[in-house]
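Please prepare a short briefing on this structure.

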There are 2 protein chains.
Amino acid sequence: MGSEDTGTEPTPGHPRPTRRGLLGALGAGLAGAAIGGAGSAAVVSASFDTGNQGSARGVVPFHGTHQAGIITPAQDRLHFAAFNMLPNVGREGLIKLLRDWTEAAALLTAGKPVGAGAAPENALLPPDDTGEALGLGAGHLTITFGLGRTLFVPADETTGEDPYGIRHRLPAAFEPLPSFAFDLLDATQSGGDLCVQACADDPQIAVHAIRNLSRIAAGRAHLAWSQLGFGRTASTSREQDTPRNLFGFKDGTANVMAQDTRALNRDIWVGSEAPGWMQGGSYLVARKIQMTIETWDRASLGEQERIIGRTKIEGGPLSGGTEFEAPDFSAERGGAPAIDVEAHVRLAHPENNGGVQMLRRGYNYVDGSNGLGQLGAGLFFICFQKTPETFVTVQRSLKPDLLNEYIRHIASGLWAIPGGIRQGEFVAQALFD
Amino acid sequence: MGSEDTGTEPTPGHPRPTRRGLLGALGAGLAGAAIGGAGSAAVVSASFDTGNQGSARGVVPFHGTHQAGIITPAQDRLHFAAFNMLPNVGREGLIKLLRDWTEAAALLTAGKPVGAGAAPENALLPPDDTGEALGLGAGHLTITFGLGRTLFVPADETTGEDPYGIRHRLPAAFEPLPSFAFDLLDATQSGGDLCVQACADDPQIAVHAIRNLSRIAAGRAHLAWSQLGFGRTASTSREQDTPRNLFGFKDGTANVMAQDTRALNRDIWVGSEAPGWMQGGSYLVARKIQMTIETWDRASLGEQERIIGRTKIEGGPLSGGTEFEAPDFSAERGGAPAIDVEAHVRLAHPENNGGVQMLRRGYNYVDGSNGLGQLGAGLFFICFQKTPETFVTVQRSLKPDLLNEYIRHIASGLWAIPGGIRQGEFVAQALFD
């Protein structure tokens, strides 16, 4: 009945194997394998060390050309948090915060506790690490940092305030999102000076990361709001199978994938048109989309499929074919378009949006229930794109979407995601050069 | 890039293997194994079919002497829901609901969709199953049903109302919980005529179960409140390692385990002293315990350990020894008790409570954050015991608990858990004989 948790720090790159950590590692290795019955163990064995880019088991490298957590094969669990700066922290305080966060994120994503760990030698001190992720391994944790527009330009733009001395570095593309039809946004769950997206195989690992970053921010920034998610609603790598959203439909079939280098460079990664600190970065849009699932569940199968424009079980377009068949928007059935003119798949498709694409990376959420006996459930939609304008274009196209009867956007945020972090540097360092 | 989700129903007992389903199955098999580096695949292979009581992969048998989800090795994810009956449903309506729920639960726990599945042949009908768990497998889903006292005796006891004709069958032990010191209960998240505890390896599977049971209840009962949880905070089987709660401490070290037959019969399972429908059953107490983790995190390691009465990393009692060493409450260190007289471990220990024990089966939760920049986080405590009096005894003992400075009980519920369900019967059937 012994426990594996002896509490010693896992060696970097060699976290002690644990039940959950191991399964996390297996998860990535297995994702693309054709798994079948009795032969599975061999498959497990063969792919045991793949799927995490050659690094230690369950560890996604933190440093690189791009921040992790964008084209990283979407993990199954999310804890997303927005932070607001406290008054009078100033430029040096912000720099120190980003430096401290970067240092902690490098440890956390390696499966190591922050600072001196959960048990300081001097028991009169509070532990640096809160401890609840001890023994769980890295679990493919990624931590992705973003900067809100309010960090550059205070909400009241007329004051000329520039608390961090970066107002002149605001990228031209970084405009606030406009209001959209059907928006019903809760300001207390929207926006924020900074965002942190923590994704992992285990929610306890993602929660631990946000909690410890929030703690590190004390006196400089405070948690404005946070959101848990499960059941990734898109694949970001061809190894992954297509998950389902809470409408019961496959989601993210036609996503931009890690392997689509051309699409990534054209539509997702910020290039040389932008200031250096944004190159290799992206823009993250988050939208909390409440689904009225009880109403949806009473719609007929035919109606559900007409609204989405795909079949429910297979996920194939209503113009015919299997899931990965391209939708044929000109196809007709009985004299009418096979895919409704207001079907979601048609309106959201690049063909209807000047060819632009976004990389989707959202999660299902359930926040208990409301006073009407309904689940507070939906999609915490996250997407990445080279310019916020892409999201605006697509979202405007969705105005006549049949799906709008069953959803409501209840929170929103937009952040600039700086490029990848090099060893020894901190996130967005070049912004302060 | 093909998907495994072809939407065909998994054969009972032989769910199609999927990435997540497979990992779920591995989870149980691996839990007790000593896993180490390169040899792991062999371990995986050897234990592939164990851990789920000889049944199909990832399936916990639904029928048996006791309801599943009590001594079943605690899964990692929870969706707990309470329901209230609608007016004028009556005895036959309640019986039909319990019958429908039982039938659906038998399918869901076998990894099968409810009713005619997610795609009825007649597309003019709404699907019977909402579809989001297609292809995820059974994921060790257990569904445990409970009956609230208000089902027997309406809240206003003086009216003599007896809408379901079961008032005279109220077990003598089934008294309402009293108020406890420090209670700050939210009535909108407390109690309920019925409860459903859904536990699984994957939150999407647990959410899918509650959602579909809620849907089946339409017109008869409505969802009163629900709670998601992750990171089980107790082991219920000696195969499992001890998890950590959000205080960063191991939790549930000295729990009653599936293997402790004597303790189960003495303290957990209702015996022949009770009416037939309760024999083999238990009483479930749920307490939503908010933790002020930000304050806790500022306490020194020494203070944290003094409060709990155990070391943080190892989880050993402060009287000495490793995690599974019995605490020695008479031990002294420097003239003072080694384990503080108000330490949590001392006050909660059977030795301090007339020897009674409960089976704990709680989960960590994070419900976003509050308006003070703090996480809405804590422990959704669940315990099972032969009589509610056990919980009352222990909870009263905890009045001077040093931990009370850092926690607040914000919701509460008590339900009678009928005995196991036999093939062809419905839950609590004997209550209506």
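Contact here means heavy atoms within 4.5 Å. Helices (H or I, at least four residues) and strands (E, at least two) are DSSP runs, numbered from the N terminus. This is a predicted model, in which local features need pLDDT of at least 70 and side-chain atom pairs count only at pLDDT 80 or more, while totals for chains, interfaces and linings use all residues. Residues are numbered from 1 along each chain as its sequence is written, chains are lettered from A and ligands numbered from 1 in the order in which they are written, and side-chain values use heavy atoms, with hydrogens and water left out.

**Helix packing in chain B**

- In chain B, B:Asp100, B:Trp101, B:Ala104 and B:Leu108 of helix 3 meet B:His208, B:Ala209, B:Leu213 and B:Ile216 of helix 4.
- By class, this contact of helix 3 with helix 4 of chain B has 6 nonpolar, 1 polar and 1 charged residues. Ala, Val, Leu, Ile, Met, Phe, Trp, Tyr, Cys and Pro count as nonpolar, Asp, Glu, Lys and Arg as charged, and the others, Gly among them, as polar.
- Helix 3 (residues 90-109) and helix 4 (residues 203-216) of chain B pack at about 155°, with their axes 10 Å apart. Axes are lines fitted to C-alpha atoms, for helices over the stretch in contact, and angles run from 0 to 180 degrees between N-to-C directions.
- Helix 3 and helix 4 of chain B are therefore roughly antiparallel (angles over 145 degrees).

**Helix packing in chain A**

- The axes of helix 3 (residues 90-109) and helix 4 (residues 203-216) of chain A come within 10 Å and cross at roughly 155°.
- That makes helix 3 of chain A roughly antiparallel to helix 4 of chain A.
- A:Asp100, A:Trp101, A:Ala104 and A:Leu108 of helix 3 make the contact with A:His208, A:Ala209, A:Leu213 and A:Ile216 of helix 4.
- The residues of this chain A contact divide into 6 nonpolar, 1 polar and 1 charged.

**Largest pocket**

- The largest pocket has a volume of about 1,100 Å³. On a 1 Å grid over the protein atoms alone, a pocket is an open set of points where a 1.4 Å probe fits, with protein on both sides within 12 Å along at least five of seven lines; lining residues have an atom within 4 Å of a point. Grid points are joined across faces, edges and corners, and a volume is the space filled by probe spheres set on the points.
- Of the 48 lining residues, the closest to the pocket centre are A:Asp251, A:Gly252, A:His344, A:Ala348 and A:Arg360.
- Helix 9 of chain A gives the largest share of the lining, 4 residues.

**Loop residue B:Lys386**

- B:Lys386 is found in the loop between strand 10 (375-385) and helix 9 (388-397) of chain B.

Definitions and conventions: Angles under 35 degrees count as roughly parallel, over 145 as roughly antiparallel, 65 to 115 as roughly perpendicular and the rest as oblique.
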